[in-house]
Amino acid sequence: MTISADFSRTDQIGRGIFLTIFCVLVFGVQDALFKLMVQDYSPFQVAMMRYWGFALFALWLVSRQAPLRKAFQSKTPKWQIARGVFLIADIWCFAFGLVSVGIAEAQAIASIYPLLVTLIAIPVLGEKVGPFRFFAVGAGLIGTLIIVRPGMVPVGTGTMFLLASAALYAVYIVITRKVTRVDSASTSMLYTAVVGLVLSSAVGVFFWQPMGWWHLAIIVTIMGTTIAGHGLMTYALKMAPASVIQPFNYLAIPWAICIGYFAFGEHIDPLTLVGAAIVVGAGLVVMARESMKRS
């Protein structure tokens, strides 16, 4: 019975990893479509319509687990609202960054967020970080500087938006850790959906432009990939621990390089690859350290 249980658990983890990899591929396609749309439409409008898809998925999922009125009963409503604000701000910044920055470079910059989480968790969550993890964070920041190369090449507004996006998402993750101590996952997802839906729509309607059928089809596909991506990640987290599947999210970088090259004719230079490798390596070290700490 023990051997059978071990095989079953291993099989579940394998499925979780597979779903995570598939999720990365889906979100990569979404980013490519997102970049395509923001060339002709306001990022606020595109982000708003993307959020409609996420909100529909979140409301449907939460309603299956608990009554919406009960899920709204948060012990930390201000922090929950703040989470929603930071997440939609992250999506806006990422959208504006994609207007002028290639997909591969965007993913390389965004990959610094686990390292920023380590730093932000110190004042917000009171976590203690030893010299080993500080060294990893420092190495990751050096890798980011290699990607951005301030002083060697002009740092455009797109790059600044992407750096802001990574920072905002890191804050969102830290606050999520904080609220999960007292609120259920259903409550957190519901607040994220509602706050983001309200804010994105309140801003996006002022940038509305009529769309042709082709662009509407792309938007519907973006909504579909949003729902599919979040659904895949939800099931992956049920099958395997986050510490196991999180490293596979870094596959987004090579996938973004392929999409950027074949879909947009983008070329990533060797220095950016070196910087991305340093960031990923530092991020994996931090994740491994956190996994050892929790085990």
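In which helix is the place of Leu25? Leu25 sits in helix α1, which covers residues 2-38, where helices (H or I, at least four residues) and strands (E, at least two) are DSSP runs numbered from the N terminus. The model is predicted, so that local features need pLDDT of at least 70 and side-chain atom pairs count only at pLDDT 80 or more, while totals for chains, interfaces and linings use all residues. Residues are numbered from 1 along each chain as its sequence is written, and side-chain values use heavy atoms, with hydrogens and water left out.

**Overall architecture**

The protein chain has 13 helices and zero strands, and its pattern along the sequence reads α-α-α-α-α-α-α-α-α-α-α-α-α. Of its 295 residues, 48% count as buried; here buried means under 20% relative accessible area, exposed means over 50%, and partly exposed lies in between (1.4 Å probe, protein chains only). The chain exposes about 14600 Å², of which carbon and sulfur atoms supply 72%, with areas taken from the Shrake-Rupley method with a 1.4 Å probe and, for residues, only the protein chains shown counting as cover. Taking contact to mean heavy atoms within 4.5 Å, 89% of the contacts between residues at least 6 apart in sequence join residues at least 24 apart.

Leu25, at 34% relative accessibility, counts as partly exposed, and together with Phe18 and Phe22 it makes a nonpolar surface patch of about 300 Å². Such patches are made of residues with over 30% relative accessible area and no salt bridge, like charges being joined within 9 Å and nonpolar side chains (Val, Leu, Ile, Met, Phe, Trp, Tyr) within 5 Å.

Thr225, a residue of helix α10, is buried with a relative accessible area of 11%. Leaving aside neighbours within four places in sequence, Thr225 is in contact with Val26, Phe27 and Gln30, and a polar contact of 3.5 Å joins the side chains of Thr225 and Gln30. A polar contact is a pair of N or O atoms within 3.5 Å; within protein, one must be able to donate a hydrogen and the other to accept it, and residues adjacent in sequence count only if both atoms are side-chain atoms.

Which side chains meet in a salt bridge? Those of Glu266 and Lys35 do, at 4.0 Å from N to O. Because Glu266 lies in the loop between α12 (252-264) and α13 (270-294) while Lys35 lies in helix α1, the pair ties together parts that are 231 residues apart in sequence. Both Glu266 and Lys35 are buried. The count comes to one salt bridge under the rule that a side-chain nitrogen of Lys or Arg lies within 4 Å of a carboxyl oxygen of Asp or Glu. Side chains of opposite charge can pair when their charged atoms come close.

| Pair | Apart in sequence | C-alpha to C-alpha |
|---|---|---|
| Val198 and Ile88 | 110 residues | 10.0 Å |
| Pro241 and Gly16 | 225 residues | 8.5 Å |
| Gln209 and Tyr41 | 168 residues | 7.1 Å |

Val198 belongs to helix α9 (residues 185-204) and, at 51% relative accessibility, counts as exposed. Pro241 is found in the loop between α10 (213-239) and α11 (242-245), and is partly exposed with a relative accessible area of 32%. Gln209 lies in the loop between α9 and α10 and is partly exposed at 34%; apart from neighbours within four places in sequence, Gln209 is in contact with Asp40, Tyr41, Ser42 and Gln45.

A polar atom of the Ser74 side chain lies 3.0 Å from the backbone nitrogen of Thr76, and, not counting residues up to four places away in sequence, Ser74 touches Gln80, Asp183, Thr187 and Tyr191.

**Cysteines**

A search of the whole structure finds zero disulfides, a disulfide being a pair of cysteine sulfur atoms within 2.5 Å. Cys23 counts as buried at 1% relative accessibility, and Cys93 is buried with a relative accessible area of 14%.
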